[in-house]
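Hi,

Here is the structure I promised to pass on. Have a look at it first, and then read my notes below.

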Amino acid sequence: RVVAMSVSHSSRLNKLVREQYMKLPQDGLVQVTYVWIDGSGEGVRCKTRTLDKEPKSIEDVPEWNFDGSSTAQAEGSNSDMFLVPVRMFRDPFCLDPNKLVLCEVLKYNRKPAETNLRHTCKKVMDLVKDSHPWFGMEQEYTLLGINGHPYGWPDNGFPGPQGPYYCGVGADKVYGRDIVESHYKACLYAGVKICGTNAEVMPSQWEFQVGPCEGIEMGDHLWMARFILHRVCEDFGVVATLDPKPMTGNWNGAGCHTNYSTEEMRREGGLKHIEAAIEKLSKRHDYHICVYDPRGGRDNSRRLTGHHETSNIFEFSAGVANRGASIRIPRQVGQDGYGYFEDRRPAANCDPYAVTEAIMRTTVLNETGVETKDYADH
């Protein structure tokens with residue numbers, strides 16, 4: 001039986017007709033698409049303007065504004081929000097010389113919007129810059145039809161149990177590779193530091209990795225990679241969800257495993273610094289769980305059950321090559337005596353700014369407890 005895939009109407013528009021217009025010259029003018037995080041803390045929004053010349057640096061991109069009452073970020077009576085450009089990428093959809101620009105959102109009084117978690121992350125990363133923190137984040141996501149059902153799954157039922165899908169090859173094992181490969185190429189073109197991709201354990205679930213990135217760069221590049229993913233999926237007519245547990249039952253959830261090291265961890269004998277950092281993390285488990293998803297741990301509670309390659313949300317654990325632990329030290333790192341470790345707790349829909357900031361607060365700034373220190377006056 002042929003199953004009609006549930007794709008959006010816009011994906012059925014004739015893309016060859018679009019190509020005809022994409023080839024038209026721009027006479028030196030440039031399209032700049034501003035991208036920002038909306039009031040949900042998970043969604044991204046964008047809008048585009050024309051500049052009269054190609055910006056060569058982020059300083060060449062002017063501030064802009066938008067209606068925050070339409071993105072759950074302001075009241076209608078005082079709705080203008082500022083878009084402050086922070087990082088520029090090439091535009092893989094409209095091509096050179098056009099740009100994608102990631103922006104911070106400020107309120108009418110120039111204070112950061114509630115979901116602008118980059119603002120404090122940047123302060124922390126500036127404080128710890130001498131430790132040269134490197135991050136790599138593994139973004140898992142699930143492809144859905146426009147009806148919310150996993151893409152490629154039977155309309156009335158389930159695929160076979162997990163086993164053949166992880167890093168799988170073949171039409172009966174993976175669904176949506178065209179989307180994945182298009183996203184990968186688009187990120188490379190844009191200048192996003194994407195470093196790999198693979199099919200995941202649950203069918204229709206995939207992962208891409210971004211890094212290594214230093215400091216604030218991690219959040220910037222992951223958010224732009226997410227925007228590009230959603231934009232590519234739009235062209236194909238499907239949806240990418242970052243829900244940490246998109247399917248209940250005996251199916252893997254989706255995380256955003258975070259690999260981390262400082263300069264001293266990467267040097268000969270760095271394992272003792274890795275172990276010291278893990279000891280600090282063990283004493284602040286509740287704080288990290290609260291910031292590792294947008295709902296204070298409620299999303300992650302559906303995923304971190306101690307099953308399906310996860311740790312239990314209520315217990316901290318660490319081990320070499322243990323994918324059921326909160327923190328995994330790769331086997332090679334254990335053998336070499338230096339390198340990095342992996343925090344497996346962040347949910348797929350985490351804010352990378354919140355995750356990387358929390359790790360630095362605990363492991364380098366030596367914060368303890370559930371309260372965070374305000375470094376604004378220091």
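Which strand does Pro212 lie in? Pro212 sits in strand β8, residues 205-214; helices (H or I, at least four residues) and strands (E, at least two) are DSSP runs, numbered from the N terminus.

Before the rest, a bit of housekeeping. This is a predicted model, where local features need pLDDT of at least 70 and side-chain atom pairs count only at pLDDT 80 or more, while totals for chains, interfaces and linings use all residues. Residues are numbered from 1 along each chain as its sequence is written, and side-chain values use heavy atoms, with hydrogens and water left out.

Another cis peptide bond links Asp96 and Pro97, with omega about 10°. Pro97 lies in the loop between β4 (80-90) and β5.

Asp27 has a phi near 55°, a positive value in a residue other than glycine. Asp27 belongs to the loop between α1 and β1 (30-37), and at 73% relative accessibility Asp27 counts as exposed (buried means under 20% relative accessible area, exposed over 50%, partly exposed in between, with a 1.4 Å probe and protein chains only). Arg110 also has a positive phi, near 70°. As background, most residues other than glycine have a negative phi, and most peptide bonds are trans.

**Salt bridges**

How many salt bridges does the structure hold? The count is 25, taking a salt bridge as a side-chain nitrogen of Lys or Arg within 4 Å of a carboxyl oxygen of Asp or Glu.

Arg110 turns up again here: Glu63 forms a salt bridge with Arg110, the closest N and O atoms being 2.9 Å apart. That pair links distant parts of the chain, 47 residues apart, with Glu63 in the loop between β2 (44-51) and β3 (64-67) and Arg110 in the loop between β5 (99-106) and α2 (118-127). Glu63 counts as partly exposed because its relative accessibility is 38%, and Arg110 is partly exposed at 40%.

Glu357 and Arg361 make another pair, with the closest N and O atoms 2.7 Å apart. The two are separated by about one helical turn because they are four residues apart in helix α10 (residues 352-363). Are Glu357 and Arg361 buried or exposed? Both are buried.

Elsewhere, salt bridges that share partners join Glu42, Asp243, Arg295, Asp299 and Arg302 into one network. Within it, Arg302 pairs with Asp299, the closest N and O atoms being 3.2 Å apart. Arg302 is partly exposed, with a relative accessible area of 35%, whereas Asp299 counts as buried at 7% relative accessibility.

**Two domains**

The chain is divided into domain 1 (7-113) and domain 2 (123-362); these bounds come from an automatic or database domain assignment. The C-alpha centres of domain 1 and domain 2 lie 26 Å apart. The contact (heavy atoms within 4.5 Å) takes 23 residues from domain 1 and 28 residues from domain 2.

About 2200 Å² is buried between domain 1 and domain 2, and carbon and sulfur atoms give 67% of that area. Buried area here is the accessible area (1.4 Å probe) that two parts lose on being put together, summed over both. In domain 1, Glu42, Phe89 and Phe93 lose the most area to domain 2, together 28% of what that side buries. Across the interface of domain 1 and domain 2, the rule finds two salt bridges.

**On the surface**

Val17, Tyr21, Met22 and Leu24 make a nonpolar surface patch of about 380 Å². Patches are made of residues with over 30% relative accessible area and no salt bridge: like charges are joined within 9 Å, nonpolar side chains (Val, Leu, Ile, Met, Phe, Trp, Tyr) within 5 Å. The accessible areas come from the Shrake-Rupley method with a 1.4 Å probe, and for residues only the protein chains shown count as cover. Val17 is found in helix α1 (residues 15-22) and is partly exposed, with a relative accessible area of 40%.

Then there is Val169, in the loop between β6 (134-144) and α3 (177-190). Val169 is exposed, with a relative accessible area of 66%. Not counting residues up to four places away in sequence, Val169 touches Val174 and Arg177.

Cheers
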